[in-house]
Amino acid sequence: MAAVPRSTWRDALSVSLTVGLYGAAFGAASVAAGFSVWQTCLLSLLTFTGASQFAAVGVVAAGGGALTAVATAGLLSSRNALYGLQMTPHLGVKGWRRALAAQWTIDESTNVGLAQLPLGPDAVRAGFWLTGAGVYFFWNVFTLAGALGAKSIGNPAAWGLDAAVPAAFLGLLWPRLRDRFTQLVALAAMAFSLLATPVLPSGTAIIATVIVAIFAGWRDRS
Amino acid sequence: MTATWYVVVGTSVLCFLIKYVGHVVPAHWLSRPRVQRINAYVPVVLLGALVAVQTAASKTHLAVDHRLVGILVAAAALKLRAPFPVVVFLAALASALAYHLS
């Protein structure tokens with residue numbers, strides 16, 4: 001990668017560090033949900049898609065079974081398949097490099113990569129790989145820090161950890177609420193999940209909310 | 001294996017496969033308009049549900065407690081464009097205060 005533009009480096013690094021810090025919140029949430037430090041680190045190393053990781057441990061914390069947790073995490077990561085679709089023609093890699101590109105295909109690497117389009121194809125590739133590697137590094141380091149921190153503090157409620165998790169979800173949701181209709185969809189999903197909570201088996205109210213997405217996306221609104 | 005191990009292994013395998021699929025399947029498979037529209041709303045509804053359930057539910061019943069204080073502070077911080085780590089920290093701080101005061 002000769003002569004990566006300075007602004008590409010700057011974008012990649014600043015996104016990596018900010019998002020990586022979020023890993024501490026995941027590490028803490030995962031330990032508070034009953035996962036060991038080792039399991040928590042494996043989730044960040046192997047799953048490596050933040051919202052799905054938070055969802056998996058969140059469903060377990062809400063009393064849901066393993067299958068519900070895995071299914072919710074999988075649904076939440078379905079957007080990564082669309083990111084892969086957009087990135088793959090820019091990357092042009094095969095074999096193990098393609099597998100690594102897939103593992104690093106997340107919101108941040110895709111967005112920084114595609115944001116470099118005006119600077120040319122090399123900058124797109126550099127933006128994707130630098131952001132993927134940077135977020136992977138910082139996300140995993142801070143996951144470990146958060147997990148060890150949470151392990152040493154005992155009662156999660158006394159330290160506000162039980163509110164840090166929904167706050168983290170809110171932080172992931174906020175930038176997606178761009179238009180009025182999407183805001184309504186989010187509110188409907190919140191109401192649906194709360195109404196469903198006393199009726200459905202524990203942990204399944206969250207995944208059942210997908211029905212709201214199907215309703216919202218069924219007709220073309222544009 | 002315990003349930004948490006099933007979650008770790010299952011989530012990791014499934015999420016990798018989903019990412020990999022995007023890099024290898026023919027583009028038109030995933031680009032049907034209805035699939036794309038629904039897919040765009042899936043993160044919005046699931047994250048919304050997770051916010052609501054983690055804030056106001058306790059197993060299978062609803063509960064209003066210190067966590068609600070934390071989430072309201074988080075919403076205010078997001079409205080003021082605070083960076084993510086600050087949002088999470090303020091929410092934890094507010095919730096912990098409410099927990100100790102109540």
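**Entry 1: α10(A) against α3(B)**

I started with helix α10 (residues 180-196) of chain A and helix α3 (residues 33-56) of chain B, which pack at an angle of about 45 degrees with their axes 8 Å apart. For my own reference, axes are lines fitted to C-alpha atoms, for helices over the stretch in contact, and angles run from 0 to 180 degrees between N-to-C directions. Helices (H or I, at least four residues) are DSSP runs numbered from the N terminus.

This is a predicted model, so local features need pLDDT of at least 70 and side-chain atom pairs count only at pLDDT 80 or more, while totals for chains, interfaces and linings use all residues. Residues are numbered from 1 along each chain as its sequence is written, chains are lettered from A and ligands numbered from 1 in the order in which they are written, and side-chain values use heavy atoms, with hydrogens and water left out.

Back to the pair: α10(A) and α3(B) are therefore oblique to each other. I noted the scale: under 35 degrees is roughly parallel, over 145 roughly antiparallel, 65 to 115 roughly perpendicular, and the rest oblique.

Which residues touch? On α10(A) I listed A:F181, A:T182, A:V185, A:A186, A:A189, A:M190, A:S193 and A:L194, and on α3(B) B:Y41, B:V44, B:V45, B:G48, B:A49, B:V51, B:A52, B:V53 and B:A56. Contact here means heavy atoms within 4.5 Å. By class, I got 14 nonpolar, three polar and no charged residues for α10(A) with α3(B). Nonpolar covers Ala, Val, Leu, Ile, Met, Phe, Trp, Tyr, Cys and Pro; charged covers Asp, Glu, Lys and Arg; the others, Gly among them, are polar.

**Entry 2: the whole interface**

I then looked up the totals: 94 residues of chain A and 66 residues of chain B take part in the contact. Chains A and B bury about 6800 Å² between them, with 76% of it on carbon and sulfur atoms. Buried area is the accessible area (1.4 Å probe) that two parts lose on being put together, summed over both.

**Entry 3: α5(A) and its partners**

Next came α5(A) with helix α1 (residues 3-24) of chain B, at about 40 degrees and with axes 7 Å apart. This crossing of α5(A) and α1(B) is right-handed. Among the residues that meet are A:G84 and A:L85 of α5(A) and B:I18 and B:G22 of α1(B).

Within chain A, α5 (residues 78-91) packs with α8 (residues 121-151) at about 125 degrees, axes 9 Å apart. That angle makes α5(A) oblique to α8(A), and their crossing is left-handed.

Last, I checked A:R79, which forms a salt bridge with A:D107, the closest N and O atoms being 2.9 Å apart.

Methods:
Helices (H or I, at least four residues) and strands (E, at least two) are DSSP runs, numbered from the N terminus. A crossing is left-handed if the near helix is turned anticlockwise from the far one by less than a right angle, and right-handed if clockwise. A salt bridge is a side-chain nitrogen of Lys or Arg within 4 Å of a carboxyl oxygen of Asp or Glu.
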